[in-house]
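Welcome, and thanks for taking a look at this one with us.

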Amino acid sequence: MSQTLPPPIPQLLPDSAPFTAEQRAWLNGFFAGYLGLGDGVTALSPEEGAALMAGVPAAAKGPLDDDDDGDAPWHDQAIVLPERMKLAEGRPLRRRMMAAMAQQDCGQCGYNCEDYSNLIVTKKEERLNLCVPGGKDTARMLKSLYEELGKAPERPAAVPATPEPPALPATTVITRNNPASATFLSRTRLNRPGSEKETWHIEIDLNGTAIGYTVGDSFGLFPTNEPALVDAVIRALGGPPDFPIGGRTLREVLIDGVSLAPAPDMLFQLYSYLTGGARRQKAKALAAGEDPDDDAATLDVLAAIEKFPGVRPDPEAFIESLDPLQPRLYSIASSPKVHAGRVALTVDTVRYKIGKRERLGVASTFLGGRIKPNTPLRCYVQKAHAFGLPADPATPIIMIGPGTGVAPFRAFLHERMATKAKGRNWLFFGHQRSAFDFFYEDEFAGMKAIGLLTRLSLAWSRDGEQKFYVQDRMREVGRDLWAWLTDGAHVYVCGDAKRMAKDVERALVDIVAQHGARTQDQAVAFVGELKKQGRYQQDVY
Ligand SMILES: Cc1cc2nc3c(=O)[nH]c(=O)nc-3n(C[C@H](O)[C@H](O)[C@H](O)COP(=O)(O)OP(=O)(O)OC[C@H]3O[C@@H](n4cnc5c(N)ncnc54)[C@H](O)[C@@H]3O)c2cc1C
Ligand SMILES: NC(=O)c1ccc[n+]([C@@H]2O[C@H](COP(=O)([O-])OP(=O)(O)OC[C@H]3O[C@@H](n4cnc5c(N)ncnc54)[C@H](OP(=O)(O)O)[C@@H]3O)[C@@H](O)[C@H]2O)c1
């Protein structure tokens, strides 16, 4: 199901106040935060809000003044794009644009989904291709919706001469648009030899930066592309590596300025201008989102160039046609109270083969191999929307985090250790094989020994004949889980959004029905109520 939505921000300003809907929402959040009402979470920082305020005349009637009721039934990352668009039918353009986004509120674009769409509609953000999890489908939908505002910006990808120019005035506040330079310290493999996985414990030194964080937050970082892939692209392109582009070289821009996967529609559009006949038709079809050769899903930038051999685009036009290289987010796996000036991450390396070529996840292989210890790393902290320890340290917590989903729970446990929190802690961890994939095994054993980790429940999916997952373990101990819930426990889920998070929620509903003596509908409502109360929180991706 969906990532838990932040609790509604109290409405402190009267409706008659002379602000647009966007300004009112921001101000309500700002005042609520200041007064300590609600959770005070605002999508924009005060500086960003001020910039927004400065840019829009207070009494202006604009595309945001549409009396929309604000309800966003599509705001659920488990709903697929066509269904989200259906749910947004008949709603103002900004709402439909929001529905086109991946609903993760992950901030990789620099905003949350709602702010990104509002800024596009008010023409303060021209780039329609910033939603990393939504990918090409979101970019295409935004482009088609943009037609209602006029023609879509011709070159939405316009590549910066230097990476990512700040969209807001540079301040000492570290954000995606004003990242800090930290120091990459180390990577340690978390799987033992023989594992099918390659997962790394990463340590980063934050000393000398203005970065601060709280457990539950995510860490954003700017990766670079693999040099061998960049060189293959340059060879296929036939352009000189030192071709000048905006004061930098072609190779430099390919290393840190643009995404090399997947090939964007604009690249195919460019090829359609440069070829003729059947090849032109093919390029046009690909640019329109069609799949003439049944291979569109496999076309990264290199494969796209190779699909049109002999075509020589101008390197500058080529670069302009690509998407910007976006930062990636990782759940923070440490507590600043234990590791002052440091942050730890748990990163699964993405590698897969298409044909003969191995494809690399850009950021995970950057962290898992390319970046050298003691070198700088551009980064920032993405504040959690509604994912954090309970305010009362005595509240019991149940943490469900298979695979890399364990990351924030290591941070929670460290924090509870540092603050000597009295609350009981129950961790569900699972992975492929107990012999190879038991992340932080010694640490958790130590935490159990000192009584910090009250209970550790494990699920190894590939140890036996049958798959066995965390939710299977949860069902086995359902009676105890229900008892913890009746004691006021908060439940946390982290990791895979597509399957695991939904299955875990289903298991919890079944447990509530069975052990709480409720009908299925009542159990669904019970879990819904837990979410509303902030007692069921998710950090899923
Ligand atoms: C809030 C948040 C927290 C996160 N926390 C963590 C974390 O703690 N640890 C962690 O490891 N990740 C985490 N992620 C995911 C992380 O941000 C990246 O998405 C992940 O590391 C992959 O990024 P990448 O740049 O390496 O891969 P990319 O270059 O983005 O490539 C990934 C893409 O490759 C394609 N792909 C992947 N596998 C295959 C395959 N087998 N076949 C075909 N195509 C494939 C898919 O299109 C996929 O989207 C988190 C994400 C969010 C939003
Ligand atoms: N955006 C990206 O490209 C990217 C990159 C990295 C990770 N992720 C996401 O993050 C998740 C975490 O990756 P990870 O490497 O840490 O671990 P993972 O692949 O999620 O695997 C962790 C454990 O979860 C099990 N599992 C599979 N399906 C499940 C289900 N429906 N319910 C419960 N458990 C299930 C796996 O079992 P089996 O594998 O044996 O079935 C494995 O034992 C990935 O699943 C992926 O969705 C995304």
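**A parallel pair to start with**

β11 pairs with strand β12 (residues 425–431) in the parallel sense, over four bridges. Within that pairing, Met399 has Leu427 of β12 as its bridge partner. Please keep in mind that this is a predicted model.

**Strand β11**

- Strand β11 covers residues 397–400, and both of its faces are covered.

**Surroundings of ligand 2**

- There are 18 residues around ligand 2, and those that come nearest are Lys197, Thr404, Arg462, Tyr469 and Asp496.
- Asp496 also makes a polar contact, with an N or O atom of its side chain 2.6 Å from an oxygen atom of ligand 2.
- Lys467 places a polar side-chain atom 2.7 Å from an oxygen atom of ligand 2.
- His431 takes part through its backbone, where a polar atom is 3.2 Å from an oxygen atom of ligand 2.
- On its own, ligand 2 has 870 Å² of accessible area, and the protein covers 78% of that.
- Sorted by class, the shell around ligand 2 holds seven charged, six polar and five nonpolar residues.

**Surroundings of ligand 1**

- Around ligand 1 there are 20 residues, of which Leu329, Tyr330, Thr346, Ala363 and Ser364 come nearest.
- Leu329 has a backbone N or O atom 2.6 Å from an oxygen atom of ligand 1.
- Thr346 likewise uses its backbone: an N or O atom there lies 2.8 Å from a nitrogen atom of ligand 1.
- Tyr352 uses its side chain instead, with an N or O atom 3.3 Å from an oxygen atom of ligand 1.
- The shell around ligand 1 has nine nonpolar residues, eight polar ones and three charged ones.

**Elements that build the shell of ligand 1**

- Three elements each give at least two residues to the shell around ligand 1: β6 (328–331), β7 (342–348) and α13 (362–370).
- β6 makes the largest contribution to this shell, with four residues.
- Helix α13 is mostly covered, as eight of its nine residues are buried.
- Among the buried residues of α13 are Ala363 and Ser364, both of which are in the group that comes nearest to ligand 1.
- Val362, Thr365, Phe366, Leu367, Gly368 and Arg370 are also buried in α13.

**The sheet that includes β6 and β7**

- β6 and β7 belong to an open sheet of six strands, which run in the order β6-β3-β10-β1-β2-β7 with antiparallel pairing.
- Where do β6 and β7 stand in this sheet? They are at the edges with a single partner strand each, so each has one side without a neighbour in the sheet.
- From one strand to the next, the twist averages 40°.
- The partner of β6 is strand β3 (residues 218–221), and the two pair in the antiparallel sense over four bridges.
- In this pairing Phe219 is opposite Tyr330 of β6, and Tyr330 is one of the residues that come nearest to ligand 1.

Key:
Residues numbered from 1 in each chain as written. Chains lettered and ligands numbered in written order. Predicted model: local features only at pLDDT ≥ 70, side-chain atom pairs only at ≥ 80, totals over all residues. Heavy atoms only, no water. Near = heavy atom within 4 Å. Polar contact = N/O pair within 3.5 Å; in protein donor to acceptor, adjacent residues only side chain to side chain. Nonpolar A, V, L, I, M, F, W, Y, C, P; charged D, E, K, R; others polar. Buried < 20%, exposed > 50% of the residue type's maximum accessible area, 1.4 Å probe, protein only. Pairing = 2+ DSSP bridges. Axes fitted to C-alpha atoms, helices over the stretch in contact; angles between N-to-C directions. Areas by Shrake-Rupley, 256 points an atom, 1.4 Å probe, with all protein chains shown as cover.
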